[in-house]
Amino acid sequence: MRIGAILPHLLVFGGVRRYIELGNAFIARGHEFILFTPDGKEADWLRFEGEVRSFSHLAGSKLDVAISGSPELTGELDRADARQRVFYLQLENVRGEESIVRSGRYRIMVNSSGLERRVRSRYGIDPIDGIGGVNPAIFHPIGRKRGKTLDILCYGRLSRPRKGARFVVRAARWMHRRGYDVRLHLFDTLNPGEEDPRIGFDPGMPCVYYLGIPQERMAEMYSAADVFVSAEHRAGWSNTAAEASACGLAVVCTRSGTLDFAEDGASALVIGGRSPRGIRKALQELYRDRDLVSRIGAEASRRMLAFTWDAVCARMERSFTEISGG
């Protein structure tokens, strides 16, 4: 098959990893996978084995399947020379979701069970299964000697309220001020034109802030912590919670983006909402019971092996072959 993904850029945000990793998986299976961006510029942070082209090549692309998950690029998706067009829902209530899904112009694909249920219940559509995604070659456990300090990690994009980092900071700070031996870890990537997020940031407690960690050191960064906290809202598939789970961390999370792999008390501690109090209670439980930290982390890592990019690709491959007649 000849497959094309239409993206706004190849920077380190906006779900771009999903397309690069899936593209590599399809290529490894003998298919052609092309990434289309406005300028055709290649990614410089994650290796892609296929070709990157500009939007100007879409009209004569002769694709079996064209994919996009960006509402602002549906015009480019319509313009692509493709047998089938797929809109890949990756967030709940994405801009223009209803009109896109109900338009009838696209096959709908989802990246999580939560979105699958939403599409079925709201629109009466059985979507294509594009659920999951983690690369165990990058994200895997690295053993280290654990000390008395509970090291708490979260995604540090403070400018994106949907990510919920500020709830995590407030919960960790509360524990620190009451004598708990905790340390906060945050991470982010500085993209062109963005201000360093560490400027002016003071969590009021011991803190490590990683910025621009290369892919080959991501497992090392995750494994420097004991616990990962995800307080996301409206997520489809939570990449960071999945990556932390694959690295063997005990994950504290909301249900947003984690339904497929986070089982409360077994592979995670799942909290009902995004309040600092709920996060704090889960962290206190893990602080008191370090064996629970180890048990949850081990089970989380084991479960993530079912969600490799190759496994996701295998399911998508069957669906794409059927809908494209390839």
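In helix α5, the residues A165, V168, V169, A171, A172 and M175 are buried, where buried denotes a relative accessible area under 20%, exposed over 50% and partly exposed in between, computed with a 1.4 Å probe on protein chains only. Seen down the axis of α5, these buried residues fall within an arc of 165 degrees and therefore line one face of the helix; the arc is that of the directions from the helix axis to the C-beta atoms. R166 and R177, on the other side of α5, are exposed. The model is a predicted one, in which local features require pLDDT of at least 70 and side-chain atom pairs count only at pLDDT 80 or more, whereas totals for chains, interfaces and linings use all residues. Residues are numbered from 1 along each chain as its sequence is written, and side-chain values use heavy atoms, with hydrogens and water left out.

Helix α5 spans residues 165-177 and comprises 13 residues. Helices (H or I, at least four residues) and strands (E, at least two) are DSSP runs, numbered from the N terminus. From its first C-alpha to its last, α5 reaches 18 Å, close to the 18 Å expected at 1.5 Å a residue, the expected span being 1.5 Å times one less than the number of residues. Just after α5, G179 adopts a positive phi of about 95 degrees. The buried residues of α5 pack against β8 (150-155), β9 (182-188), β11 and α8 (276-288), with contact defined as heavy atoms within 4.5 Å.

Leaving aside residues up to four places away in sequence, A171 touches P276, I279 and R280. A171 and R280 are separated by 109 residues in sequence but by 5.1 Å in space, C-alpha to C-alpha. In strand β9, D188 is likewise buried, at a relative accessible area of 5%. With the exclusion of residues up to four places away in sequence, the contacts of D188 are Y155, G156, R157, P197, Y209, Y210, L211 and G212.

Strand β11 (residues 227-230) is joined to β12 by four bridges, and the two run parallel; strands are taken to pair if DSSP finds at least two bridges between them. S230 stands opposite C253 in β12. Together with helix α7 (residues 239-246), β11 and β12 make a right-handed β-α-β unit, right-handed meaning that, with the strands pointing away from the viewer, the path from the first strand over the helix to the second runs clockwise. Two bridges connect β12 to strand β13 (residues 269-270), also in parallel, and V270 in β13 is the bridge partner of C253. In β12 (residues 250-253), A250 and V252 point one way and V251 and C253 the other, and all are buried.
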